[in-house]
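Please consult the sequence and the structure shown below.

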Amino acid sequence: MLGTLCSAPIPGAGFSLAQVPGEAALREWQFHLAVKGLSTRRIADALAKHGSAHARAYAPLLRTLKDSALTGYLKGFVDLALEHEGKWWVMDWKSNWLGPDDENYAPDSLGRAMNKENYTLQYHLYLLALHRHLRVRQPGYDPARHWGGVAFVFLRGVTGSRENGWFRDAPTPALLDALDSAVGSGS
């Protein structure tokens, strides 16, 4: 399974994990995300206005979560943040059992699973954490130039020959700015 995963082309990315040098990857990257007045409703508004079609479809679901303003720090771990040919990617591994058939791991099925489990919120927080990190540490950081995207990998569905098992999305600079505003800069 690991060999298949590493050699499988990442759909829409133009490379496989096997092509990423070890020094270009941050494994189990820990972050502390400063927040001030974090609100799921404000994040939902940012997704609805600036997100991909997937993120816009998730925004109404996010609005159903209890909303309370949080201030302080969120701590998290990104399974893998990597740089390939000048572009940064966030990757996360999921071992969820979605069913016995290939279509259970097809892109549309994965989109539904991402929303149901609130993984869509998770990856947007990951994107924001890496965006803030790069803004400080990447010389000449430009989100339009330095972002590749996000890939959540449903390991049971990766066969190496199709898009099954891979959920992909990409942030726009406007989305990253909107998320930054929605989450606040912390204390």
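How many bridges join β4 to strand β5, and do these run parallel or antiparallel? Four bridges join β4 to β5 (residues 166-169), and the two run antiparallel.

## Basis of the values

This is a predicted model, in which local features need pLDDT of at least 70 and side-chain atom pairs count only at pLDDT 80 or more, while totals for chains, interfaces and linings use all residues. Residues are numbered from 1 along each chain as its sequence is written, and side-chain values use heavy atoms, with hydrogens and water left out.

## Strand β4

Helices (H or I, at least four residues) and strands (E, at least two) are DSSP runs, numbered from the N terminus. Two strands pair if DSSP finds at least two bridges between them. Strand β3 (residues 87-94) pairs with β4 in the parallel sense over seven bridges; Met91 has Ala151 of β4 as its bridge partner. Val150 stands opposite Asp169 in β5.

## Helix α7 and Asp180

The buried residues of α7 (residues 173-183) include Leu176, Leu179 and Asp180. Their cover includes β1 (25-38), α5 (119-137) and β4 (147-154).

Asp180 has a relative accessible area of 17%. Beyond its neighbours within four places in sequence, Asp180 is in contact (heavy atoms within 4.5 Å) with Leu128, Arg132 and Arg135. Just after α7, Gly184 takes a positive phi of about 85 degrees.

How values were computed:
Buried < 20%, exposed > 50% of the residue type's maximum accessible area, 1.4 Å probe, protein only.
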